[in-house]
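Biologist: I am new to this structure and would like to learn how to read a few of its features. Could we go through them one at a time?

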Amino acid sequence: MGLVDVERTTIGLAAKDPSGILSPYTYTLRNTGPEDVYVKVISCGICHTDIHQVKNDLGMSNYPMVPGHEVVGEVVEIGSDVTKFRAGDVVGVGCLVGCCGNCHPCKSEIEQYCNKKIWSYNDVYTDGNPTQGGFAGAMVVNQKFVVKIPDGMAPEQVAPLLCAGVTVYSPLHHFGLKQSGLRGGILGLGGVGHMGVKIAKAMGHHVTVFSSSDKKRVEALEDLGADEYLVSSDSSRMQEVADSLDYIIDTIPVFHPLEPYLSLLKVDGKLILMGVINTPLQFITPMVMLGRKTITGSFIGSIKETEEMLEFCKEKGVTSTIEVVKLDYLNTAFERLEKNDVRYRFVVDVAGSKLDQ
């Protein structure tokens with residue numbers, strides 16, 4: 001189908017102020033341009049970032065704001081120059097909906113590091129209008145930022161893969177840590193951490209989960225399939241795994257010491273930071289120097305990596321562990337997520353929810 005000449009409206013659940021309370025909001029979707037895909041939302045996962053944004057925790061929020069960046073939907077209409085998709089396709093939209101296209105990251109197909117990237121919500125599109133996310137009836141997105149969902153994958157299962165899944169897959173791919181037989185650690189067992197266990201196990205890694213208490217031991221070992229579970233304050237057990245790990249994926253979003261974990265890495269091991277922490281972290285340099293160890297970071301993933309990750313998860317049968325809710329439960333789900341009261345990701349059944357102003 002070609003261009004659509006009329007603007008459409010849709011209804012989403014929006015935060016109107018830093019209270020973060022979400023309520024119905026009607027807004028206009030832009031015309032479907034030549035490169036655009038008009039998507040009817042089916043499911044959308046809830047990420048911890050959504051809470052930070054609606055409550056202005058980062059000091060950069062603009063209202064009204066419809067959050068949601070783990071979006072799975074059905075293509076309703078395509079622009080005249082769209083070649084990758086057709087009406088009826090099930091597709092995904094992640095954290096980004098735009099980039100400059102000209103910088104080194106963009107030309108290297110790692111557009112998530114573009115300094116002019118455009119977020120799926122709480123941002124401004126090139127036409128000057130605000131971007132709005134996936135807790136809504138529909139979205140209009142440039143085809144570059146839309147991915148095809150492989151046949152046979154359930155929309156509600158795929159949604160968390162578009163953020164949590166690719167966030168883990170990207171560093172393992174980039175740093176050459178995909179081969180079978182590696183020994184890895186996962187620090188923190190939330191939405192990203194649980195996907196870390198599943199994806200690393202699917203790659204054939206020996207996976208150790210580190211946590212501050214024993215309370216997630218059974219679910220880590222029995223439900224998620226981790227090989228070992230260590231309480232980080234158990235110094236004798238920590239000593240037993242010293243110099244044994246090829247990498248640690250650190251998902252903890254609050255201040256914590258790095259040195260206990262640096263000691264667990266082999267020579268050339270990597271501590272990969274993924275939690276957004278506004279407090280400076282500390283370590284003594286010999287901890288890094290005497291093993292040529294690396295402290296690095298990674299941020300979501302590219303469109304190309306997202307496509308690869310989806311094919312990998314389909315091939316290996318990797319799914320996310322979710323609790324499906326309706327839109328009218330969204331505020332409660334946000335409250336529960338703040339208390340870490342979910343195993344491990346909320347996904348909203350948008351298509352099955354009643355959207356009324």
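Biologist: Is Asp-243 buried or exposed?

Modeller: Please bear in mind that this is a predicted model, in which local features need pLDDT of at least 70 and side-chain atom pairs count only at pLDDT 80 or more, while totals for chains, interfaces and linings use all residues. Residues are numbered from 1 along each chain as its sequence is written, and side-chain values use heavy atoms, with hydrogens and water left out. Buried means under 20% relative accessible area, exposed over 50% and partly exposed in between, with a 1.4 Å probe and protein chains only. Asp-243 has a relative accessible area of 54% and is therefore exposed.

Biologist: Where is Asp-243 found?

Modeller: Helices (H or I, at least four residues) and strands (E, at least two) are DSSP runs, numbered from the N terminus. Asp-243 sits in the loop between helix 7 (235-240) and strand 13 (245-250), and its phi is near 60°, a positive value in a residue other than glycine. Asn-340, also not a glycine, has a positive phi of about 60° and lies in the loop between helix 11 and strand 17.
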